[in-house]
Amino acid sequence: MLALTILVSFNLYSLATTTPTLQIAIAPPASSPNAVLSLGPQSLPSPSEPPMTTGSVVTSLETSGNPSIEPFPTALISTSASVQVPSTSKIPLVVQAVSNPTVSAIFAKPISTGPPVNVIGSRPDHPVPRTGLVSQSGKVGTNKFYANFFLGAQTNPVWTHPYSLQWAKGRGAAGSWGMSISHIDAKQRTYGPDPSANPVEYYINPINIQSIILSATELSSSAVLTMDSLTAFSANVNLLTKAGASPAITFPMVQGMGFVTGQYKNVTPYIRSSVFFKTLTPLASPSKGVTKYRILLQDGNTWLLYARADNGTGLSLTAVSSSSIKAPGRFSGTIQIAKNPGAIAGNEITYDSCAGAYPKTVALSGSVAGKSGTYTLSWARAGNTAGLLLFALPHHVQSLVTSSIKITSIKLQTTTKGIATGIIGNSWTLSEPDLPTSIGFAPWDSAIGSTHSLSATAKNTVLKAGKSDLAQDINSQTNLDSMYFSGKALSKFATAIYAVHDLAGDVNVASVGLSKLKTAFARFASNKQINPLVYESQWGGIVSTAAYSTGDPNADFGNSYYNDHHFHYAYFVHTASIIAYLDPTWLTATNKAWVNTLIRDAANPSVADPYFPQSRAFDWYHGHSWAKGLFDSFDGKDEESSSEDTFMSYAMKMWGHVVGDTAMEARGNLMLAVQKRALRNYFLLSSTNVNHPANFINNKVSGILFENKVDHATYFGANPEYIQGIHMLPINPSSAYTRDKAFVKEEWDRYFSNGRAGNVVGGWRGILYSNLALIDPKAAFSFFNVTDFDPQYLDGGASLTWYLALSAGLGGAP
Ligand SMILES: *[C@@H]1O[C@H](CO)[C@@H](O)[C@H](O)[C@H]1NC(C)=O
Ligand SMILES: *[C@@H]1O[C@H](CO)[C@@H](O)[C@H](O)[C@H]1NC(C)=O
């Protein structure tokens, strides 16, 4: 056995080399199967081709959307008409109370386990095939990190952070059919389009760098990739020798996983690299049953390989060429890969102490008590009893309860979220001490709290605008072919009605508006809008029928393909919460179920809801949502509007409050707190931000944050007001919570001060000035309170009534 191994490796090696160096691979003696004899490194010759260390950089971004129709047309028209109030339309004046619920298990209870509301029909089909998905009972997350493995050719990377996995599928210098593992250091990034600019427009990490590929000799061009056990946080990806075979290697994927782990199922390990091996060094076993190798690549990076056989024997590996390391025969057990930048000895000892254990999936739990909330990620572990290593992102490290974990000194760069820190522990509890429980529908900021009443002059000013706004044709303005634009219009009228009712105190005018709004809303709640919704059971969700009827995947911003559901549905949830607040009798079982169905689609809290995946949009690992649905992407998932993301949390909080669902209200509050933290770390970049490159920070916002690229841009154009403004809108009572004053000031000074905002055209001007209300409500109020305010400066989701009420409520009016 021993002699054979040496012979085989020598022969293959001799064929491949021009400058032979002695290399020895040795199997452990049968008497002591775990012992790996350290005979010094196997050195590989320089490869004939250069190491593949630069990868590919693909930066295309379609930004040609027409800003005159997209994204936010001005819908209000100038009118001198005013609301006519019939004498019978009064609604009672209710005083809103916010609550501090204590809820011990905020994810435990599904919103419902019944079918989606009846009025939304169902169909079994969806244009996007479930490529490689093994059928399972729980619905599959369409916007989750692993989606590239079931979309398109299944060859785009999946970022678990800090590592990415990519099916090699015969590509790359190694021509392997295995799973390629990549980790990108900051120095490998590309900055553009002008790398010398400060700030640069974007930075991007190269893809297709095949540092280590976990493969098996049995995998060839007939190999097939499948997935099973998909949850909100984890999935297994399997490589099969051919369609219908049982998995040859299974990779359990969990975000933040400390090792990339391949479970080999009686196949012959074949470890490949397109960066090329320089040395392979067998080392002493770090723990019972674990075999260890150190791998030095031609790019100078050190990686570690740990193997653990199911039957306790070791794994003998031989470097057979600069791109190939091979086992002598079939193996059942795990092979784990980790990178050790700088070959730091202490970090290697930490990796040693964690080798053999790995996470398979994650359970989410959480609770709130008054203003504090916690959420806990608990990993289901497998393998041996070693410490469980996972990587925490910067916002985790800031909020981790440290009692049951060990923070290691291992630091790995992530692609777009700063430096990750290795943490040992079976679960993490993350704490948020300042939930926005005191925020309701009223203007709010941290210094003054909620403002429920205005001065007499301010009331008159708001009411005057309200009478005009509510005289508009609410029905036609909201009867659009887009869920996004319809929802924005409904929400605009809802806030205007709220402001007239609660802040200006005119229940009669509010009643007239409310009754028109109810009629307009009923079109949607009865699913009679231009593009009705449908529940499609192939993926499990409520989608616009627009793409079914037009064949255009991008219809209504890709709603039918699961883009942006949290953005679109937030506006409906928000509208409904104001209607139900002002008129509790509106809260019929059907209206409630319709709204809850939209929330279940975008933000189902529980694994027990059989109709929807858990938390489609919000990613409890990243601390924000991903807007990209079923679109294959070489940049991974992305999100363009951090503010519309938070608006969904706010809408859920308010709906939960109004309908008495305290767990939902608590989740909304907790999500806002987590988002506030994530936004500060990754999206809204104050000058002290350390998570993005120094030459990017002065953009002040991320622009579109992808998993692999950060691009100070939008999908619809490059004007500064678009890029900054899409992270502002809609300015609502929670904006002052998620957008801290120091940041808003820095951003204003950078882009919009000294009259520049006054030159911005269209609805964006109003967006900028409503944002200004967060730091300078007087200036904002005087912008809006002019005679004959031109409604072209209001975007389709904004009313003058609300902007006046907000800036007055924050102290902008006498
Ligand atoms: C352990 O399993 C390996 C394959 O993974 C096999 O080659 C070896 O013979 C087995 N050893 C024992 C002692 O069963
Ligand atoms: C708004 O402007 C009008 C017209 O100039 C003025 O009469 C009114 O007092 C202003 N409102 C407030 C609250 O200052």
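Pro730 sits in the loop between α14 (720–725) and α15 (735–738), where helices, here and below, are DSSP runs of H or I with at least four residues, strands are runs of E with at least two, and both are numbered from the N terminus. The bond that joins Leu729 to Pro730 is a cis peptide bond, with omega at about -10 degrees. Before I go on, please keep in mind that this is a predicted model, in which local features need pLDDT of at least 70 and side-chain atom pairs count only at pLDDT 80 or more, while totals for chains, interfaces and linings use all residues. Residues are numbered from 1 along each chain as its sequence is written, chains are lettered from A and ligands numbered from 1 in the order in which they are written, and side-chain values use heavy atoms, with hydrogens and water left out.

In the loop between β3 (122–123) and β4 we find Gln154, a residue other than glycine whose phi is positive, near 65 degrees. I point these out because most residues other than glycine have a negative phi, and most peptide bonds are trans.

Let me turn to the ligands. Ligand 2 is surrounded by Thr457, Ala458, Thr461, Phe781, Asn785, Ala813 and Pro814, a residue being counted as near if one of its heavy atoms lies within 4 Å. Helix α4 (residues 456–469) gives the most to this shell, namely three residues. By class, the shell around ligand 2 holds four nonpolar residues, three polar and no charged, where Ala, Val, Leu, Ile, Met, Phe, Trp, Tyr, Cys and Pro count as nonpolar, Asp, Glu, Lys and Arg as charged, and the others, Gly among them, as polar. A nitrogen atom of ligand 2 lies 2.8 Å from a polar side-chain atom of Thr461, and an oxygen atom of ligand 2 is 2.3 Å from an N or O atom in the side chain of Asn785; the cut-off for such a pair of N or O atoms is 3.5 Å. Taken alone, ligand 2 exposes 360 Å², of which the protein buries 54%, with areas from the Shrake-Rupley method and a 1.4 Å probe.

Around ligand 1 we have Asn311, Thr313, Arg330, Phe331 and Ser332, which divide into one nonpolar, three polar and one charged residue. Oxygen atoms of ligand 1 lie 2.3 Å from a polar side-chain atom of Asn311 and 2.9 Å from a polar backbone atom of Ser332. On its own, ligand 1 has 360 Å² of accessible area, and the protein covers 41% of that.

How do α12 and α13 run, roughly parallel or roughly antiparallel? Helix α12 (residues 642–659) and helix α13 (residues 662–683) pack at an angle of about 165 degrees, with their axes 7 Å apart, the axes being lines fitted to C-alpha atoms over the stretch in contact, and angles running from 0 to 180 degrees between N-to-C directions. The two are therefore roughly antiparallel, since angles over 145 degrees count as such, those under 35 as roughly parallel, 65 to 115 as roughly perpendicular and the rest as oblique. For α7 (residues 507–525) and α10 (residues 565–582), the axes come within 11 Å and cross at roughly 135 degrees, so this pair is oblique.

Notes
Polar contact = N/O pair within 3.5 Å; in protein donor to acceptor, adjacent residues only side chain to side chain.
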